[in-house]
Every structure is written in C-alpha cells, then in structure tokens.
Amino acid sequence: MRTLRSTVPARLDRLPWSRFHWLVISSLGIAWILDGLEITMIAGIADTLQRRETLNLTASLVGLTASVYLLGEVVGALVFARLADRWGRRRLFIVTIVLYLVASGLAGLAWDFASFAVLRFVAGMGIGGEYGAINSAIDELIPARYRGRADIAVNGTYWFGAMLAAAAQIVLLDPDRLPVDVGWRAGLFLGPLIGLMVWRLRRYVPESPRWLIVHGRADEAERILTGIERNIESRGSALERVGDESAIEIVPQAPVGYMQIARSLFGTYPTRSLLGAAIMITQSFLYNAIFFTSGLILGTFYGVANEAVGYFLFPFALGNLAGALLLGVLFDTKGRRAMISGTYLLSAALLAISGCLFYAGALNALTQTMLWCVIFFFASAGASSGYLTVSEIFPIEFRAQAIAFFFAIAQFFGGVVAPALFGRLVEASNDGANPL
C-alpha cells in the first residue's frame, strides 16, 4: 500500500478539551460503570445465592459464577477486539452493548446454576468485547496531554458502578422490603436499565480518524476530523493551525491475526510485553480475588448480614473511585513510570500489613473495610493504568487486539482463577476460623 502523509494525529492532539471529549468519555465509559455494577452486585448477593429460596448454590459455585463471567470477558475481548481492529471501533459499540444488555437482563430470570452461569458468560462476553474497542477509541480520540487522566478516570468509573450496586443492595436485599428471591433478581436488571438510558449518546461518537488513516481511509478521516474542529470552533475556541511540517508518514496496514500479534509482542516487543502482562495480571488477580468474594469474607469472618454488605462495599468503591479521579492527573504531570511504580509499591505494602492484621485476628468488619479503602485508593489508579500502558506502547494497527490479548492473559491467570480460589478458601473455613 502507498505511504500517506497526514496531519490528522497532530490536529487531534492540539484540540482543546471540549464537549466532544466529554461525549466520548461519558458515552463509552459506561462499559466500566456496567462492569463495576455487575461485579459488585454478584459480590453483594453471594450469600443470597446460597439460600434455599434462591438458587441454593454452594460458596464454591458462587465463586465459580464469578469466574465464568470473567471467562466470558476473555472470550468476548479476543473475538470482538479482532473485529474492532478489522472493522473499526464504532461498529463494535453496538454489538457488544446489545449482547450485554440482553444476557444480563435474562440472568435475572435464571432458575438454576447452569442457566445463571451461561447467561453470565454471555454478559461477560459483551463487556469484554467493549474493553479493546473502547480503550482504543478513547486513546485515539483524546489529546495526548489529557490521555493519562482521561483513561485513568474512565477506567475508574468502574467504581461508580460499584457504588450504585452497593447502594441498591441496601434496598433490594432487605427482606423487609422485597422477598429474598426477588431482590437479587431486581439487582441484575439495573445494568441493562442504565445501559438503555445512555445508549443514545453512542450514536454521536464518530469512528476514530487515527484508525481510518492506518486503514487507508484518509478522506473519511479528514471529513470526521473537520467536523469535530468546526463543532469546537462554533463554540468559541480558536484552533491553532497545523502545517505540513507536523504531518507524519503512515503506511496503511492489512488486518493481522492473533498468531502474528503474538510473534510481534514476544518477538519484536518482548520487554513491552512483559511490562503489559505484569501490570494486567497482578491487578486482575488482586481485584478479582478480593472484590468478587468480599461479600463472603464479610459474612464468614465478621458476621455481616447479607443485607448489610452494601454499607461496607459502598465506601470501598468510593475509595477506589476517589483514587482514580484524584491520582489520574498525576499520570500526565509526573509521568507514567513514577506513578505506576509508586501506586503498586504503596498498595502492596499496605496489603501486606492488612494480611498480617487479618491473620492475627486484629480486624473487624469496620477496620477491614477501612484498610481496603486506603489500599485500593492507591491500587485503583495503578490498576487502571494497565489499559493506558498497553494502549500506548503498541502500534495502532493491532492496538485493540493487544489490549484484548493482555486482558485475556490477565483474566485467565488472575481473574478466572482468583475468585474460585478465594471462594474455596472461604468455604474451607470452619465457623469463621481463619483457613490460613
């Protein structure tokens, strides 16, 4: 294919923050809100699902349903990310969100473990499919000087979804308000309801001009970017002219498969791949192990009633959201390397202290939750940086697939294994005794 010279990347990066950028992060960031809501809801109803009036699951099966959901995310990420690199980011927004909305809503009607697990798997596919396309689109549409804080904040909205779920559980899981077998089902309808409410916004998000350029569609990229610029100028912003000296040469690329990507990742970019894998796997294991089973931990070790779990999950989620919003700006001002290292090391040290106190029996439900809030205030920003890092260090022609590749590795080795493992540890405890 012939080489193109384009000023599209420079023009995108020189744009001021505008209503267009708010549209991008608000309409696409819904994926993380929905994922946070889903996972928190499952964590909160873990004890309810073990009751005879509901699905009568064991603690191991509750942990397994969490793993099944994450496995669905892995499959969805790998399948839909390849399509996002091949067909474009925008098309996938429709398919993945519809898949999630339908499956998640139907999961609220499940009648046994098998039906619940299958529907949770399909819902996970929808959310997993969103990750690669949406992280790529956000990074390609947001100016470079805002990209760190925007990406961290958007990924951090996962915890806004968690807060919504925790607040909802306080009402829905209260047996004085709703029957036991109704409240948890109503909770699973919240995600589809929110998704439908914000769905209309996505119609106004254009295809990524950067993706169009790489795929040889220069005229379409120019048309979309010109429309964005005119919209910003019509609202009173004067845009700096970008001359031909800022143009870069781009060689349009043919679509590539996962085997080619694997060879590129571990042959051409082994150090980058090791970094991406390390960040994604560690954050996945930490979060999915603790958060998916937090309801079981609070109930088993601290005697927290199921209907009261939301009171503890809400501040936990608030601490995570605050960390992403407040620390995210430092990724642009202090740099990626310093912030990733700092947040990981600090949260690891605090987690080790928490583990020692738990083992010594020195914690109660309140102090355990307070420690979680502090630990994950720092961990949330570091965890969100995984998507930012992978997106920035690999070429645009397989960016979505690279994100999906590392997401899949992280979820399989960290996310899928962790909830089931921790559920088994909780189940192995005897009358609240520490299984360690």
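Predicted model: local features only at pLDDT ≥ 70, side-chain atom pairs only at ≥ 80, totals over all residues.
**His-21.** Buried or exposed? His-21 comes out as buried, with a relative accessibility of 0%, and that call follows because anything under 20% relative accessible area is classed as buried. I placed His-21 in helix H2, which covers residues 19–28. Then I checked what His-21 touches, skipping neighbours within four places in sequence: the contacts are Leu-15, Pro-16, Leu-141, Ile-142 and Pro-143.

**Core.** Next I looked up the nonpolar cores. Which residues have the most contacts inside the largest one? They are Phe-116, Trp-159 and Phe-376, in a core of 118 residues. I noted that helix H6 (residues 113–141) supplies the largest share of this core, with 11 residues. There is also a second, separate core of nine residues, and I jotted down Ile-152, Ala-324, Ile-340 and Ala-381 as being among them.

**Phe-116.** I went back for the partners of Phe-116, again leaving out neighbours within four places in sequence. Phe-116 is in contact with Ile-42, Leu-49, Leu-55, Thr-65, Ala-107, Ala-110, Trp-184 and Leu-188.

**Surface patch.** Last, I turned to the outside. A nonpolar patch sits on the surface, made up of Ile-94, Val-95, Val-98, Val-102, Leu-106, Leu-109 and Phe-189. Together these residues have about 590 Å² of accessible area. How accessible is Val-95, and what is its class? Its relative accessible area is 43%, so I wrote down Val-95 as partly exposed, the class between the 20% and 50% cut-offs.

Conventions: Residues numbered from 1 in each chain as written. Heavy atoms only, no water. Patch = residues over 30% accessible without salt bridge, like charges linked within 9 Å, V, L, I, M, F, W, Y side chains within 5 Å. Areas by Shrake-Rupley, 256 points an atom, 1.4 Å probe, with all protein chains shown as cover. Salt bridge = Lys/Arg side-chain N within 4 Å of Asp/Glu carboxyl O. Buried < 20%, exposed > 50% of the residue type's maximum accessible area, 1.4 Å probe, protein only. Core = buried A, V, L, I, M, F, W, Y, C linked by side-chain atoms within 4.5 Å. Helix = DSSP H or I, 4+ residues; strand = E, 2+ residues; numbered from the N terminus. Contact = heavy atoms within 4.5 Å.
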